[in-house]
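Here is a short briefing for a first look at this structure. Start with the chain, then follow its helices and loops.

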Amino acid sequence: MQSKIASKTRDSNAKVINSDLKALMGSYISKIFLVVYAVSHILTKKEVNTLNVDNNFYDKCRNSKTKAGFENAVNIALKINNKFLKDYKNKAVKFVCVSKLNSVKSRLFNTPTLLDRVIQKMFQLVIDPAVDVFGDPNSYGFRKHRSCHNAIGTLASKLAKVSENVIIMNVSIKKFFDTIDHNWIKGHFPMPTGFENILES
């Protein structure tokens, strides 16, 4: 599925994710294999115990690696169809205060319910392969199969070939996520066609 989305994005020669691509991405949402994968992925993550804020969902699929747990995961997945998503509104988040490393300050994290995280994962699975085609080859943050080690390797390789003095800048935008324009995101985010309500929610 992801290969098809990435290939179609490359073949489109578009500079942005157009309506055809969004329709293709939307056609995969709520396919049973995608939903079961998303449910299983979320339920088998290490954080599932520490960040569990909807016990009912978790208890039904306590261990999706067992036969009974997997069957429960499938039963929940069968309920997540297009009609379910059209009417879906995310639940209230749980706020958790986490201390910053080597700092007296603490950071407030908002923790979505497990069901909300499953739905986020479903959309990530179809959006990522399209977005990644447009990604800068020298961008490493929050990119699948990329890490800070890759960034360090690229820098080391480039610096080894430089014969003159260079300047390396470390730039951070203060409170970027607190101040970013949500209306701009809604207007430019490549949400699959027909699921804009999920992004709004």
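Contact means heavy atoms within 4.5 Å. This is a predicted model: local features need pLDDT of at least 70, side-chain atom pairs count only at pLDDT 80 or more, and totals for chains, interfaces and linings use all residues. Residues are numbered from 1 along each chain as its sequence is written, and side-chain values use heavy atoms, with hydrogens and water left out.

**The chain as a whole**

- The protein chain has 11 helices and 2 strands. Helices (H or I, at least four residues) and strands (E, at least two) are DSSP runs, numbered from the N terminus.
- From the N terminus on, the order of elements is α-α-α-α-α-α-β-β-α-α-α-α-α.
- Of the 201 residues in the protein chain, 27% count as buried. Buried means under 20% relative accessible area, exposed over 50%, and partly exposed in between (1.4 Å probe, protein chains only).
- The accessible surface of the protein chain is about 14,200 Å², and 55% of this belongs to carbon and sulfur atoms. Areas come from the Shrake-Rupley method with a 1.4 Å probe; for residues, only the protein chains shown count as cover.
- Among contacts in the protein chain with a separation of 6 or more, 62% are between residues 24 or more positions apart.

- Helix α1 spans residues 2-11, and its residues Ile5, Ala6 and Thr9 are buried. They cover an arc of only 95 degrees around the axis, so they sit on the same side of α1. The arc is that of the directions from the helix axis to the C-beta atoms.
- Ser3, Lys4, Arg10 and Asp11 are exposed on the other side of α1.
- The buried residues of α1 pack against α2 (19-28) and α7 (114-133).
- Thr9 has 2% relative accessibility and therefore counts as buried. Leaving aside residues up to four places away in sequence, Thr9 touches Leu21, Ala130, Val133 and Phe134.
- Asn13 follows α1, and its phi is positive, near 55 degrees.

**How α1 meets α2**

- Two packed helices are described by the angle between their axes and the distance between the axes.
- For α1 and α2, the angle is about 175 degrees and the axes are 10 Å apart. Axes are lines fitted to C-alpha atoms, for helices over the stretch in contact, and angles run from 0 to 180 degrees between N-to-C directions.
- α1 and α2 are therefore roughly antiparallel to each other. Angles under 35 degrees count as roughly parallel, over 145 as roughly antiparallel, 65 to 115 as roughly perpendicular and the rest as oblique.
- Lys4, Ile5, Lys8 and Thr9 of α1 make the contact with Leu21, Leu24, Met25 and Tyr28 of α2.
- These contact residues divide into 5 nonpolar, 1 polar and 2 charged. Ala, Val, Leu, Ile, Met, Phe, Trp, Tyr, Cys and Pro count as nonpolar, Asp, Glu, Lys and Arg as charged, and the others, Gly among them, as polar.

- Asp128 lies in helix α7. With a relative accessible area of 33%, Asp128 is partly exposed.
- Asp128 and Lys144 are 16 residues apart in sequence, and 8.6 Å apart in space, C-alpha to C-alpha.
- Most residues other than glycine have a negative phi.
- Phe142, in the loop between α7 and α8 (148-161), has a positive phi near 55 degrees. At 89% relative accessibility, Phe142 counts as exposed.
- His145 lies in the loop between α7 and α8. Its phi is positive, near 60 degrees. His145 is exposed, with a relative accessible area of 75%.
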